[in-house]
Amino acid sequence: MSDVEALMRERLGEPDTVFVFPSEVAADWTLRSLLGPGGSALPRNTCVSWDKFKEETFASPEGRRPANGIVRRLFLEALLGENARRPVFRSLIPPEHAAAGPAHLSSLKPVLPLIGRTEKLLGRAGNAIDAAKRSDLALLAARYREFLDAAGLFEPDDAAQEFVPGKKTYLVFYPEVIEDWNDAAPALRGNPAVRAIGAGPGEAGANVSLDVFPGIEDEMSALMLALRALLDSPAPGGRINRIAVTAAGLDELALPLADAARRYDVPLLVNSGRPLAAYPGVNVLGQAAAAVASGYGLRALETLIGNRSVPWKDHEAADRLLRFGLENNCVRNFTADDRPFDLWEYHLRRAAAAGGRHDTRFSAAASFYRSLRTSLDGLSGAATFDEVKRRFTKFRAVFFEGGNFGDEERRCLELALDRLDELRETARALPLPPPASPFRVWLDVLSETRYVPPDREAGVPVYPYRVSAGIRPEHHFIVNVSEETTRVVVPPFPFLSVDEQARLGLADSDSSDAFLSLYGVSGKTVRMTGARAGFGRVRLPPPFFVRTGALRERLAGEEAESDGYAAEERFFLGAETTPPEPLFPLQAGGMAAAAVRTAAPGNRRASLFTESPVSPEALRRAVVERLSDGDGLLSLSPSDLERFTACAFRFLLEKAAGLEAPESDFAQDRAFWQGTFIHRVFERFFRRLKEERGRFEAAARARLRDDVLRAAEEEARAWEKFEPLPLPPLWRTMTREMAGGFRAFVDNTAEAFGDFGILSVEGAFSLPWAEKGLTLSGKIDLLGLNEHGLLIVDYKKNKAPSKRDLLPDNGGPVSFQIPCYVMLAEEGSPKGDAALEAGGRVAAASYYSFEKERYRHVLHPEAKAWYTADAMRGVIEGARAALASMADRIRAGDFAIGFASDRTGGRACRDCAFRAVCRRKYFLRFDD
């Protein structure tokens, strides 16, 4: 029995003796573990926390109430609002940043509780603190003291409070880890009613060591195996209520801890809590604020409406509204030319004019949006906390089924409303104007309020570091111990810089070693562990253990003999002949699924289509049918050929299986819009030119420049009217920026080709190849005819393929577009363009880069080109052979990944969106 425990048991029989501990957790553990004489339970007030002790024994100045966090926040909100209108601060808040008032809350809040000490500090600081900063601190302190006096409040750290113990005697345990012990000590020193008792050197277990594992995963596995061994043990010490875990850096460790507990089937109860604003039922408030702040952005609105922790009344209208937003790309509302533009309302009215008003489902969705926006605008713009309460009550009544909240959601929401009521009552009692945004203040307070839900299941409790110091379970595991996670340093004045603190001769209060010493005796058996690496960084052990030499390096897998997962790995690697027993539940489920899969009749192993042909035959036929047209011919395009050559497995997923690569709702960015816009402008320009004149005339380039700009303006107006993106202001900017590029296109085309007839604009062509069972199809941007023969133009926004892409040194082509277009133009048939009757050889085939404003000629009879007419025939034959090979492989079910994709420079795998489902994700390249 330790000295502290012996002392507590010795004083248990004294009814007026109270044990005081640093935290509520330590007090509760002690109360549950100690029994009074004869085995009777102890009174609840036998063990109390330090905060409770101060509340009961320190008398407030007469007629005054202590200030709290809400009071300080409301004072700062008012002061920052006043400073935004007429800046008075110069250093703490630079005048140019005064308008961003709430952003300065975090830097000013630490000053207020230390008002008395701050005033004394300023009296002796001299030039150690910058003059402007001294002036600001003095102003802040003066304004706050004026406010406290007017409101009848006081700061506990500032006012002299009388210690009134009554008839009780208090034993204060472990004062070395109580942050404000030194502040209270003068009032307690010499008083016989108080005795301070630290964790002395005589305590058993004070020399506990630190086991250091190579990584976090190793440490978590060792922890779970130790917990399982205790829980499986029949000894009383293995009961859940006699075991505890303390996690340093718990916020960061929460996911690895939960994952390890799930894998090893260990019940844990994490007692750290979360901000109240993050709990289901309350999180809808933050989501509502985000929706308003985003201008009712589609993503934010989707998060809000998709929140199923609150019972929305009209799910159908809400879902219909989201579908409407996705279909019309209602990105967000915005301001253009200093005027608000409601993009949702714009599209809703347009859809209504097109007949939507007669669709009751559409009308319900439109009504839902308008009602939601009115409610949320009113809530976020409420002028007082009373108005926030009224508007939120109405919002709940209109949109939520009040009786369908879950118990936990209802409890959390009630706590949130209690905080709102506290804000309302406090604001009424203070001589302050209302804050600029009461709704935001409420959300901020909810984000700062941590809530620990009541335990509903049995489990090993997990506590944050510091909170559990001084508890005394049978077995205590302190994990994730490192210099970073166990550092407990409190600066005397948080608002001073390191240099200012040094000039004033002030030092931080460092209780890191005190906490580690106390944790060494916080339990009958204590085990501390850490890891050398984790969370993407190398971690150092605390200097406390380095100085004492109490470090023990552990190896990965030391517990392998008792680890079922390690045994499973050995079994599958052939190191053991029998499977592990017993299995963890997660293992058992996986092995059962594997047994069903591998034991199925005729299925000896899963098909790996990345390595072997598609089977069975019925599946192979289904793939071929999916890729064929009505005549039973494989329907292939130049882009299909390029994708198949780059990676046949990706082609199988995209084209045959119809899978879509995951992407953002708004992946179509400015580059996409511009590329599409360029194609549409040129299509409009050449179609009109074909209808009116039938040809492009180089001598008329001045008129043609005007014509192409007119086509751009018409296309912009049409797109703005019928397409949701880009937003109207962006159209005007894009059109102006691209005007020079359109004019340059006319000049460059005249220089490159002179006069030519326009045969086809965005024309679709097909070329059957019966002997190979395929049809090649494609759309040619522009097909013309001059005295040399046919000419092909393909528009690119920026980068066009290079000569190496058509005929690289190490294999067949990567780009098949131009060779296939030549085949289609010379041998194919146009679809839906009866006016096109010309045939013959292609004399010119070129890419045009809009941004670079130049042609790149693959084939040209006069200008510098990549190929001569004869050499081009070889390139075309290469494309023809690739098509034939592709058709043969598809019919054979061969979609295996091959290293031919290396011709793309690794892009085939690097840019692939299906890497997560590819069974050969990683490749080794051995270069010469």
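Reader: Where is the place of Ser60?
Author: Ser60 is in the loop between strand 3 (58-59) and strand 4 (65-66). Strands here are DSSP runs of E, at least two residues, and helices are runs of H or I, at least four residues, numbered from the N terminus. This is a predicted model, where local features need pLDDT of at least 70 and side-chain atom pairs count only at pLDDT 80 or more, while totals for chains, interfaces and linings use all residues. Residues are numbered from 1 along each chain as its sequence is written, and side-chain values use heavy atoms, with hydrogens and water left out.
Reader: Is Ser60 buried, exposed or partly exposed?
Author: Ser60 is partly exposed, at 37% relative accessibility. Buried means under 20% relative accessible area, exposed over 50%, and partly exposed in between (1.4 Å probe, protein chains only).
Reader: And what is Ser60 in contact with?
Author: Pro66 and Phe154, leaving aside neighbours within four places in sequence. Contact means heavy atoms within 4.5 Å. Ser60 and Pro156 are 96 residues apart in sequence, yet their C-alpha atoms are 8.1 Å apart in space.
Reader: Switching topic. What is the strand order in the open sheet of four strands?
Author: The order is 2-1-7-8, with parallel pairing. Its edge strands are strand 2 (47-49) and strand 8 (194-197), each pairing on one side only. Two strands pair if DSSP finds at least two bridges between them.
Reader: How many bridges join strand 1 to strand 7?
Author: Four, between residues 17-21 and residues 169-173. Val18 stands opposite Tyr170 in strand 7.
Reader: Which strands does helix 2 lie across?
Author: Helix 2 (residues 24-33) lies across strand 1 and strand 2, at about 170° to strand 2. Axes are lines fitted to C-alpha atoms, for helices over the stretch in contact, and angles run from 0 to 180 degrees between N-to-C directions.
Reader: Now Thr246. Which strand?
Author: Thr246 lies in strand 10 (residues 243-247). Thr246 counts as buried because its relative accessibility is 0%.
Reader: What does its side chain join in a polar contact?
Author: The side chain of His476, at 2.7 Å. A polar contact is a pair of N or O atoms within 3.5 Å; within protein, one must be able to donate a hydrogen and the other to accept it, and residues adjacent in sequence count only if both atoms are side-chain atoms.
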